[in-house]
Each structure stands twice: as C-alpha cells, then as structure tokens.
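Student: Could we go through this structure together, taking one topic at a time?

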Amino acid sequence: LEGQEITSLLSDAAGEEVKRIENPEVASVNQNGSSSDVPTLAFPSLSTSDFQFNNDKASDVIIEKVEEYVNKLGNARLVLVDLTHGSKILSLVRAKAAQKHINPKKFFTFVGDITRLYTGGGLCCNVIANAANWRLKPGGGGVNAAIFSAAGPALEVATAERAKSLYPGNSVIVPLPSTSPLCDREGVTHVIHVLGPNMNPRRPNCLHGDYVKGCEILRKAYTSLFEGFLSIVR
Ligand code: AR6
C-alpha cells in the first residue's frame, strides 16, 4: 500500500472506533451483519427546538408513544436522533426508556445528522421523519431545512404531489425518488413529514403555553408518524 492509502485506512479505522464509542447501539446491532435489512425509522424530537415545546413534557410523550408501538414493530425499530451529545431531549428519553425497560434493540437514541446517518454514523435507516412546517416547504432552519437540502429538489416535487399543507398533529408519507441523493447515498426510501404543536409566538398556530392541547397534539403527531412507518414496513 502507498503511504496515502495506509493513512486513509488508519483514519477510517479510527473514525469507526469513535462512532462505536459515541453510539454503542450501532456496534452491537451491526455485529449481526444484517442491520440494512432491519426496517428502521429515524425521527427527530418534534417541536422541541424552533417550536419551543418543553423538553420534559415532550420526553414523556415520546416514551408513552414508543411504549405503545414498540410491540407492534415486528422486526422493525425506532431511533430518536439529535445532533449533539449535549442534547437534553436525548438524555431525558434515554433515562426514561431505561427506567421503563424498553427493549434497546427496538428503540434507542442516536447522535448524528439525520441526513447522514449511514455515511456519517453507519446506521441504516430506510425511513426518516421530518419536523416540518405547515406549508411543507424547504427552509426555516432546523431539521426541515437540512432534509430538504440534502434530498434535493426531488423531495419538494414528490411532497407537493401528495399534500399542499399540514395541520398540527398530522403527517404525510413521501416516497423518495431514487434520483435523490438521500436515497442513493443514505438508503432512505421514504420521508414522513410531521407537524408538531408550536409554542413559539413567532410561528403560526402558537398554543401560548397550553400544554393540555400541546401534549394532545404531540401524541397525535407521534401516533400519525408511527402508524405511517408501520404502513410502509407491513
Ligand atoms: N439531524 C438531526 N436532528 C436535528 C437536525 C439534523 N440535521 N437538525 C435539527 N435537529 P426543529 P421543531 C433536531 O427546530 O422544533 C423549522 O423551521 C433539533 O436539535 O428542526 O419541530 C420548520 O420549518 C431538535 O431536537 O423542529 C418548522 O417551522 C429537533 O431536531 C419548525 O422548525 C427538532 O428541531 C419546526 O420546529
């Protein structure tokens, strides 16, 4: 091997090791060598960043809905994703999932960019969820901007063919054209857009701190998301 190749092999090996330490679930799941055959939904925590929904309340809803769906998954699995190790929502959900003894092979948390789960983290996910806006349009920052930008214009076209807008608590499943880099590079076949409840007064449909309504809409949003995922993998 030329020096250059040896260096890149060494750095790949080191990178892989770092990924395993950051996300130990992947190492254990991939040991079976069949992770790409396991239908997987990767989803962000709906509403907890730009929409300013309380993290503790959101984590209760996530756990409640995961508990409800974890036994309906067959061989599929659910993965809650966020960008950093400092993620408050990931720590809360991880602690509550452990307390409730939720099967860690069926549900786990993962640190990474949802648009680079395979190439950046070695995690195969055929379906990813988007914390969308009501117009189902690119932009606005957060995970919505990242997904539309990584998927290319094909996602906007395919989305517009299925729906023009969303009400809070609802979702729409969009099959991703094979021309999209997200499909080609990351193995994503479907994007599910979900609109969560909004507590940010600078965004439409603000609930102004009404967490009774907010939690109800957040439950509805996760129900719609998980039902949508099941309809794809069944
Ligand atoms: N990969 C994984 N997780 C991410 C990524 C990413 N690339 N980017 C953000 N997150 P947010 P919301 C996490 O604000 O609160 C948009 O403007 C983030 O850390 O994307 O539902 C839309 O257009 C947080 O945990 O969604 C809507 O108008 C989670 O994703 C509005 O924001 C959700 O954060 C929706 O607000």
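Tutor: Let us begin with a term: a residue is called buried when its relative accessible area is under 20%, and exposed when that value is over 50%. Please keep in mind that this is a predicted model.

Student: Is Cys125 buried or exposed?

Tutor: The relative accessibility of Cys125 is 4%. The cut-off for a buried residue is under 20%, so Cys125 counts as buried.

Student: How far from Cys125 is the nearest cysteine sulfur?

Tutor: A search of the whole structure finds 0 disulfides. In keeping with that, Cys125 takes part in no disulfide, and the nearest cysteine sulfur, which belongs to Cys124, is away from it by 7.4 Å.

Student: Which residue caps the N-terminal end of helix H3?

Tutor: Helix H3 covers residues 55–69 and reaches 21 Å from its first C-alpha to its last, close to the 21 Å expected. Its buried residues, among them Ala58, Ile62 and Val66, are covered by elements including strand S1 and helix H9. At the N-terminal end, a side-chain oxygen lies 3.0 Å from the backbone nitrogen of Asp56, and the residue that provides this cap is Asn54.

Student: What percentage of the ligand's exposed area does the protein bury?

Tutor: The ligand is surrounded by 24 residues, and the closest include Ser47 and Asp82. A backbone N or O atom of Phe51 lies 3.1 Å from a ligand oxygen atom, while for Gly140 the corresponding distance is 2.4 Å. Taken alone the ligand exposes 710 Å², and the share of this that the protein buries is 92%.

Conventions
Residues numbered from 1 in each chain as written. Predicted model: local features only at pLDDT ≥ 70, side-chain atom pairs only at ≥ 80, totals over all residues. Heavy atoms only, no water. Helix = DSSP H or I, 4+ residues; strand = E, 2+ residues; numbered from the N terminus. Expected span 1.5 Å × (residues − 1). Buried < 20%, exposed > 50% of the residue type's maximum accessible area, 1.4 Å probe, protein only. Contact = heavy atoms within 4.5 Å. Polar contact = N/O pair within 3.5 Å; in protein donor to acceptor, adjacent residues only side chain to side chain. Near = heavy atom within 4 Å. Areas by Shrake-Rupley, 256 points an atom, 1.4 Å probe, with all protein chains shown as cover. Disulfide = S-S within 2.5 Å.
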